[in-house]
Amino acid sequence: MNVTIDWLAFVQVFVVALAGAILVVGLYATGLRLLVRAGRVPVVTPAEFTDAITVISAKEAQRAAKAAAKAAKKSPLSDGQKLLARVGAYVSFVLCGLAVLGGLLLIIVR
C-alpha cells in the first residue's frame, strides 16, 4: 500500500483557512469598534452557570452599564457620524456572517 500526500492541497487549505479566520475576526472587530464609536457600547448581562469559575456580580454589571452609558455620552461624533458608524458596524457584521456562511457552503457543497 502506497500512501501519497498532496502537499499543495494541504497548503491551499491552510492558506484559505487562515485567510478566512483573519477575515471573520477582522470584520467582527471592526463592527464592534464602529458600534462603540456610534455610542452603542454592547453590555452583556452575565449568565449564571453552575460550574462557572467566576461570575460577575450584579454590582459589577451595574458598574459596567454605567461606564458604557458614560462613554456613550462622551462621544465627540456628530449625529450623522454616529449614524454612519452604526450603519458601518451593521454592514461589517453582515459581511462577517456572509463570510461564515460562504465557508459553510464551501464545506457542504464540495
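Modeller: The structure holds two aromatic pairs. Rings of Phe, Tyr and Trp (its six-membered ring) count as a pair if their centres lie within 6.5 Å; planes under 30 degrees apart are stacked, over 60 edge-to-face, and the rest tilted.

A word on the source. This is a predicted model, in which local features need pLDDT of at least 70 and side-chain atom pairs count only at pLDDT 80 or more, while totals for chains, interfaces and linings use all residues. Residues are numbered from 1 along each chain as its sequence is written, and side-chain values use heavy atoms, with hydrogens and water left out.

Back to that pair. Tryptophan 7 and phenylalanine 10 are three residues apart in helix α1, so about one helical turn separates them. An α-helix has 3.6 residues a turn, so residues three or four places apart point the same way. Tryptophan 7 counts as exposed because its relative accessibility is 54%. Here buried means under 20% relative accessible area, exposed over 50%, and partly exposed in between (1.4 Å probe, protein chains only).

Now the other pair. Tyrosine 28 and phenylalanine 93 are tilted, at 5.5 Å centre to centre and 50 degrees between the planes. Tyrosine 28 belongs to helix α1 and phenylalanine 93 to helix α3, so this pair ties together parts 65 residues apart in sequence. Tyrosine 28 is partly exposed, at 44% relative accessible area. Phenylalanine 93 is also partly exposed, at 24%.

Where do these helices fit? The protein has three helices and zero strands, in the order α-α-α along the sequence. Helices (H or I, at least four residues) and strands (E, at least two) are DSSP runs, numbered from the N terminus. Of the 110 residues, 12% count as buried.

Look along α3 next. Its 31 residues should span 45 Å at 1.5 Å a residue, and its end C-alpha atoms are 44 Å apart, which agrees. That expected span is 1.5 Å times one less than the number of residues. Lys82, Ala85, Arg86, Ala89, Ser92 and Cys96 are buried in α3. The C-alpha atoms of valine 87 and leucine 35 are 8.7 Å apart, though 52 residues separate the two along the chain.

Leucine 35 leads on to valine 41, which has leucine 35 among its contacts. Valine 41 lies in the loop between α1 and α2 (58-73). Leaving aside neighbours within four places in sequence, valine 41 is in contact with Leu35, Val36, Ala68 and Ala71. Contact means heavy atoms within 4.5 Å. Valine 41 is partly exposed, at 29% relative accessibility.

Finally, the space beside these helices. Lining residues of the largest pocket include Val13, Val16, Ala99 and Leu104. The elements giving two or more residues to this lining are α1 (7-37) and α3 (79-109). A pocket is an open set of points on a 1 Å grid over the protein atoms alone, where a 1.4 Å probe fits, with protein on both sides within 12 Å along at least five of seven lines; lining residues have an atom within 4 Å of a point.
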